[in-house]
Amino acid sequence: MLEPLFAPSVQHTLDLIGIFVFAISGALLAVRKNFDVFGIAVLAEVTALGGGLFRDLIIGAVPPAAFTDLGYFVTPLLAALLVVFLHPQVERIQLGVNVFDAAGLGLFCVTGTTKAYDYGLGLTQSATLGLATAVGGGVLRDVLANEVPSLLRWDRDLYAVPAIVGATMVVLCIRYDALNPVTSSLAAITAFVLRLLAMRYHWRAPRAWNRRSTVREE
């Protein structure tokens, strides 16, 4: 088993920050879709906890942390409440929300990968679940909001790729017995910076060569 990367209190605080920011993005989409208060809360919860819930069910970490730690469940509700009453102000600081969202992406791709490995998965499978932890909530959010998941859209800035890079760095460190708080932080920071650069310069994944699509580009 891997040694804890951070002190439990520090890890818990980082998790709650990431959960809160992911929940903000879900709640904002619910407002744009004209959902009611219950719908806003559901989308906030799903966005914040969906990826970790999926990972925990796959690796057999049951009951999932989302159901054993009240803070994990309540934090998205607080984010939803904030958006319900202050969504115009939150919209105005969307850039700041995106920055924290990128930080959550970097953090969760690292913690998701290490937790999967701790539960006996191989390196490739652990990296895959690290990616799922980071982006799974966003996919569920978009599906529930009846949108094509941003993860699959060519006209969205790179999101999964930074998480893949971060998770890959983690498993390489595990492979060569070099995983520690410094290298794991470096992996999270790398994913974070790549996501920021993708947003700044609108980096996007290539599409099929010589494609012949009848789908209208938005």
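Contact here means heavy atoms within 4.5 Å. This is a predicted model, so to speak of local features takes pLDDT of at least 70, side-chain atom pairs count only at pLDDT 80 or more, and totals for chains, interfaces and linings use all residues. Residues are numbered from 1 along each chain as its sequence is written, and side-chain values use heavy atoms, with hydrogens and water left out.

View A. Valine 97 sits in helix 5 (residues 94-118); helices are DSSP runs of H or I with at least four residues, numbered from the N terminus. Skip its neighbours within four places in sequence, and valine 97 touches Val21, Ile24 and Val90. Valine 97 is buried, at a relative accessible area of 10% (buried is under 20%, exposed over 50%, partly exposed in between, using a 1.4 Å probe and protein chains only).

**View B. The cis peptide bond at proline 63.** Valine 62 and proline 63 are joined by a cis peptide bond, with omega at about -10°. Look for proline 63 in the loop between helix 2 (37-59) and helix 3 (65-68).

View C. Most residues other than glycine have a negative phi, and most peptide bonds are trans. Asparagine 34 isn't a glycine, yet has a positive phi of about 65°. This residue is in the loop between helix 1 (8-32) and helix 2, and is exposed, with 70% relative accessible area. Histidine 202, not a glycine either, has a positive phi of about 55°. You'll find histidine 202 in the segment after helix 8 (181-201), partly exposed at 49%.

**View D. A salt bridge between glutamate 147 and lysine 33.** A salt bridge puts a side-chain nitrogen of Lys or Arg within 4 Å of a carboxyl oxygen of Asp or Glu; the count comes to 7. In the pair shown, the closest N and O atoms of glutamate 147 and lysine 33 are 3.3 Å apart. The partners come from distant parts of the chain, 114 residues apart: glutamate 147 from the loop between helix 6 (123-144) and helix 7 (160-175), lysine 33 from the loop between helix 1 and helix 2. Glutamate 147 is partly exposed at 27%, and lysine 33 is partly exposed at 31%.

**View E. Arginine 141 with aspartate 142.** These two side chains form a salt bridge at 3.0 Å, N to O. Arginine 141 is buried at 15% relative accessible area, and aspartate 142 is buried at 3%.

Notes
Helices (H or I, at least four residues) and strands (E, at least two) are DSSP runs, numbered from the N terminus.
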